[in-house]
Structure formats: C-alpha cells, structure tokens
Number of protein chains: 2
Amino acid sequence: MSRPPFAPLVAGLPATVPFVGPEQQERERGRPFAARLGANESGFGPSPRAVAAMQAAAAGMWRYCDPQSADLKAALAAHHGIDPAAILVGEGIDGLLGLTVRLFVAPGDAVVTSAGAYPTFNYHVAGYGGRLVTRPYRADREDVTALAEAARSSGARLVYLANPDNPMGSWHGQEAIAALLDALPEGCLLCLDEAYVELAPEGTAPDWNIEDTRLIRFRTFSKAQGLAGLRIGYAVGHPELIAGYDRIRNHFGVNAMAQAAALAALEDPGHLAAVRAAVADCRLRIGAIAAANGLAALPSATNFVAIDCGHDGAFARAVLAGLLARDIFVRMPGVAPLDRCIRVSCAPEREIDLFQAALPGALEAARATVCTGGSLADCD
Amino acid sequence: MSRPPFAPLVAGLPATVPFVGPEQQERERGRPFAARLGANESGFGPSPRAVAAMQAAAAGMWRYCDPQSADLKAALAAHHGIDPAAILVGEGIDGLLGLTVRLFVAPGDAVVTSAGAYPTFNYHVAGYGGRLVTRPYRADREDVTALAEAARSSGARLVYLANPDNPMGSWHGQEAIAALLDALPEGCLLCLDEAYVELAPEGTAPDWNIEDTRLIRFRTFSKAQGLAGLRIGYAVGHPELIAGYDRIRNHFGVNAMAQAAALAALEDPGHLAAVRAAVADCRLRIGAIAAANGLAALPSATNFVAIDCGHDGAFARAVLAGLLARDIFVRMPGVAPLDRCIRVSCAPEREIDLFQAALPGALEAARATVCTGGSLADCD
C-alpha cells in the first residue's frame, strides 16, 4: 500500500516496542531458556488459593467480567482502609500508566522521568504526544530533587517515580516522597509506581491519604502476588482523579479470571509473607553469588538484584549475552551508568542454581571478547 | 479539589459509560438475576477443552503473557489460511476498536456509523475527539448505501459496520460488504465487526483478502466460543495496517489465560458446531415464545433475538422493566425505531424457560402502565 492512513500522531511514532518477551527470544534462539530470571516474575508462584479460584472460575468464563471489579475493589478498600471510590482496578500497571498519560497529558505537554527508568511509561508518553524530560539517577537511585526541579522548569503535567525502583532495586523512604510532592509545581501529578512495594522495608510506602490531589499510586498483583500473566493492578488516588478514568477506559477490560484470582490472593496473607521471606533469602543468595565472582550486588527492595559487573555497558552486555547463550534469561538497564549492571530476578533455588553455574563462564567469555577487543583498557 | 487537571480532550468528555454491567444492576436491585439473557453471552459455555486448558494453566500465571500471542496467532493463521502478519490478537473487540480509533482518527476527523449501533465504538470515537456521523437503519438493517454516502460526504476516516448486526441480529451477504468497500472514499477504512459471524449463514463473511487495504475485520472468542470473561479477540487486515497497532498497543495486555483458552477452543470445532446448533434451536424457541405472546421475533444471524414489542420505545422499555423486575436480565436498543424491540440472548433451556414464564406478566404490566398512562393511543 502507498502509505497507511494512520493519524498524524501515530504516523510519527517509531515501530519499536518497550520489551521483547522471553518467548520471542526463545523462538529466535530455537530453544527454551532453562531459567527465567529476566522479567521480575515471581517463580514462587501465586497463592494456592488463587490457583484454586482460577480453576473453579474456568467454566464460568462465558460471562463478561464485572466492569466495576466491585468485589475486588471492596476487598482492596478494606485491606488498605480506604474509600473504594479512590481505587480503580485496571489491566496491570502498564495499562493503567497508558490511561494515566491519556488522562493528563495533551500533545506537547512535558512529562518528567529518570533516564533509564521504566521504558513502558516512556512509550505511553510518546504514544500520546507528550514531551519527555529526563534526569539522571544519582548513586543508582532516582533523584527526587532533580525530578522536582525538572517538573518546575518544564511545567510538567506528570512526574513518574518507581519506588522501589526498577531496574536498580533502590528505594526512597516515605519522607523523600513527601518532599517530592511538596516540591512539585501546581497542577503536576506524581505517578508513584509501587509495583514492588510489598517487598520493600517498612516506611517505604507513604501512609494512604486519598485527599491528596497531587499523586496517583499504582499497585499490582504481578510481582509479590505472582499473577503477572493475568494482567491486573490498581490505581489509588483522590476520587475525582480516579473518576476520570471512567471517561476513557475500556470498561470491560479487566478479565474475570484475574478478578477472581486477585481476590483470592488478597485473602491469603500467609502466602504473601512466605514470598516475602523467600525473596529476602534469594536476594542474599544472589548477592553471595555475585561476591563469589568478584562482583558487587546492589541493595534491593524488590524481587530482583542488580549486579554491578564492574566495567561499562559493553562489558555488562557481554555478560548478559553469555548468560543468554547459557540459557539463562536475564535483562539489564539500558542507559549508562546503570548499564554496568545486569538484573537478576529472585526465583526458586533450582533456577538460581542454574544462574550460579552459568555466571563464571559468562564472565569469562565477556572478559575474553570485550577485553581482548580493547574496548576496556582495565579489564582484569 | 478545584478542578482535576485532565487534558482538554478528556475534560470535555461526559462521565457516562457505554454499558452498565448486570452485576452493577444486581447490586442496585439487592438480588441476583435468575436468567442472564442481556449481554449476548454464551450460556452454553466454553469448550471443555478450553476449561481444561485454563485449569492446567492456572499455576503458571506467575509468568507474563507472550506479548506476541504467537501460538494463538499461528493457530488462527492456519485456521483461516492467512498470513500471521495479518492478525493482531487483542483484549476483545472493545479494546481493539479503541486502538483502531486511536490509530486512524485525529481530533475532528469524521467517523461514520449507524444510529443505534454499538455504543462502545461511539465511546471510543468520542474519547479520541472524533466527530461521529450517523445514518439510520433501514428495515432493521444497517444501511450500507447510506453509510458509504455519509463517508463520502463527510470525508470520514472510518466506517463502522457490524455484520451480523448488534442489536438487531440482521445481516448482509458478502456482496453487500464488497459494494460498500467499493463505494468508500479514498483513505477511508471499513471497521467490520464480525463478533457474531460464526453464528451467521454461509456467505455472510467475505473471503479473506489481506491484500485489501480498505478494511480491518474483528473477531472474538466472546460469543460463539463462550470466553467473554477472558477478553480476547483479534483483528485481521493488511499487514501494514496491522503493524500500526504495535506502535500504540499495550504489548503485555492479552492475558496468558485467555491465550491458552482461546488456543484450546480453536482446536475444538465440535464444540463450536454444537453451540451453533443450540443457538439455532434457541432462536426458533425465542421466536415461538414471542409469537405465543402476540409479538414478532426478527430474523437473527446471531446468538440473540430482537423481539418487536409492537409499539414504541416507551412500551418496550416498560416490557424490559417488567422482565428485570421478574429477575430476567435483558437489554434493548437505545434508538427509535429500533427501540420498539427488546433483545434476548440465546441460552440453555432452563433460562429460556424462566424468560417464557416471565414474559406474559411483563407484557401485561407494560400494557397496564404505559397504555393507561395514555402514551400509546393504540395499546392492545
């Protein structure tokens, strides 16, 4: 065809996508991965109660989902002690971020994030014609002072902050979030992505205050709850902000299976506690594996660990390639200096054993290719 | 808060939603419906193979979904005998229609549909700032000649046509679709919603021709396949048009459970054939019930039947209210003269029995309220 009749905004967008799924990599490689440690999924699995709820719900999937997700919303409201009108259940944080950008950002509006932070958020900003303004990380944490300054100087409509952070695993205490909010310009909202917050230390999440009109918070069942495949998360904010989503969202978008599973997961705090403990143990073990290979693991408040490979991005990319070649699926940050690291998800012992076995060879191969290629003067 | 900081386009949108779910109605009524005949769901249920696939997949829902839906796409391509690059799997037709509007319609662009056709499409057009141009149905069918004329006179970017039609159940043969395509202006696409086409007579669906750059077709697993709760459908079109969706879609949006269930459903043609037969029987039965009550059922190529209540919209709304009061969930068209009808979904015998039992009372009550109120001079 001559030229597809896309709307001008879409015609100007690149064809690139934020992430290539591991299944696509497996198809291209021609063989499956042996360990799946790249997407911060929870290999510890969902709650057995959630599994039972899914199995019981299967035959009833001929019914459309409840577009209000009312049962889940009521349970979340009770769980957090907040008004259900402050909650919107959506198709995972990815989908909710897209709606959020659409809700608040007109073409040309400035949006602030950290250079190297979540690519899917940036994808949505570009998709709606927003203008991305970035600030670098400082000491491997998102720089809340610089983000607020950028919001003021650019007149931003939104600031994105993941706390704890992906891809570095670092975090800020709630007092830093409060300071960031106080430093935002009038009419600018904080998008606070708390995908990993159930795995973070006490004091990371601010207390709930749905009267605060300066932020919308995002939570998910994909990480600690192990339901990534079902696509379900939620936004929490002032009811007038939350009501706005009803003007644009796909009302029947949150599938019924996800609603049933999330409700059951929420009613199993014991499983969540067990996952928290397993993740904490695994973070220590990944740190020990890194140390045994002469590498430093960064502190993490998430279900993954960033491992500093000790050189530049080219070297870490070579380590990553070595791990992929050894059938270990991992990912890494995309921007310097964060890209001196690889990012390894916590997982059950068997998969971490495979990572442990593969890492020395991957490191050796990286040293051989990168260092003999001369791109790193100081390689070992 | 003073005024929520919504983007100008969103700030101008109404807070209304296209459909209120039956669960919401049940919460407001304070009791459940006894028969669920309002949303054109398939009470005949999904394929047992799909149910088994869901149950087997449940424990693995900690993994993110394949963002390419590659296995399902390959199976659909084989099933239809077309290139996988011509297929996009999405979160049901609702979600795909939203993406389609976003892809092709800039604010102020004209979009053509029939007055009284699918409200969710109109919702998306409004949501992206499109300008809706409508034409009336003719003899309870969408008027393809008038739609094409409206597209030419308005310079429309999109024309929406459901074939078979919802809410009337009527349909056009493939030759009418071909004529419509030939009559469209340059650069205007036909959105051909074929949600019900598996239940229509042979010759309703055009042959596949993915080289045709004038249309995108939409199919779903929600209707004949009985998987409405999982939210999965697909678009088929020229690969260059289909590739455009990758620039804007939520790549991890199609949940893994839906992908597994749809794949299993596709591999069970026997179940689909059984549902087709049950739907055909049920259409006859609903027609007989209508006739026994002095009403006329419209011909249907779908899994529902529009019943002409014989008077105006006020009367049909009173019949609908009478059915709801008798715990029968049904819906009806929203625009005259279509709104002289109520719309009843095909369902297993038990639920149709309940409808049969409730209809005489609902009609009697409608006659009592509307006719004694004097709004219809010719009641009875």
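A: Strand β2 and strand β8 (residues 233-237) of chain B pair in the antiparallel sense over four bridges (strands are DSSP E runs of at least two residues, helices are H or I runs of at least four, both numbered from the N terminus; two strands pair if DSSP finds at least two bridges between them). This is a predicted model, in which local features need pLDDT of at least 70 and side-chain atom pairs count only at pLDDT 80 or more, while totals for chains, interfaces and linings use all residues. Residues are numbered from 1 along each chain as its sequence is written, chains are lettered from A and ligands numbered from 1 in the order in which they are written, and side-chain values use heavy atoms, leaving out hydrogens and water.

Within the pairing, B:Leu88 has B:Ala235 of β8 as its bridge partner. Strand β2 covers residues 87-90 of chain B, and both of its faces are covered. B:Ile87 and B:Val89 on one side are buried, as are B:Leu88 and B:Gly90 on the other (buried is under 20% relative accessible area, exposed over 50%, partly exposed in between, with a 1.4 Å probe and protein chains only). In a regular strand the side chains alternate between the two faces of the sheet.

Another part of chain B holds an open sheet of three strands in the order β9-β10-β12, with antiparallel pairing. Strands β9 (296-297) and β12 (341-345) are at its edges with a single partner strand each, so one side of each has no neighbour in the sheet. Strand β10 (residues 304-308) pairs with β12 over five bridges, and B:Asp308 is opposite B:Cys341 in β12.

Next, the interface. In chain B, 77 residues are in contact with 77 residues of chain A (heavy atoms within 4.5 Å). The area buried between the two chains is about 6600 Å², with 61% from carbon and sulfur atoms (the accessible area, 1.4 Å probe, that two parts lose on being put together, summed over both). On the chain B side, B:Trp62, B:Tyr64 and B:Arg247 lose the most area to chain A, together 14% of what that side buries.

Two salt bridges cross this interface (a side-chain nitrogen of Lys or Arg within 4 Å of a carboxyl oxygen of Asp or Glu). A:Asp66 and B:Arg27 meet in a salt bridge with an N to O distance of 3.0 Å. Helix α5 of chain B gives the most to the side that touches chain A, with five residues.

Over all chains, the whole structure has 34 salt bridges. One of them joins A:Glu23 and A:Arg36 at 3.1 Å, N to O. A:Glu23 is in helix α2 (residues 22-29) of chain A and A:Arg36 in strand β1 (residues 35-36), 13 residues apart. A:Glu23 is buried at 14% relative accessible area, and A:Arg36 is buried at 14%. These two residues and A:Glu41 are linked in a network of salt bridges.

In chain B, B:Asp246 and B:Arg249 meet in a salt bridge at 2.7 Å, N to O. B:Asp246 counts as partly exposed because its relative accessibility is 23%, whereas B:Arg249 is buried at 5%.
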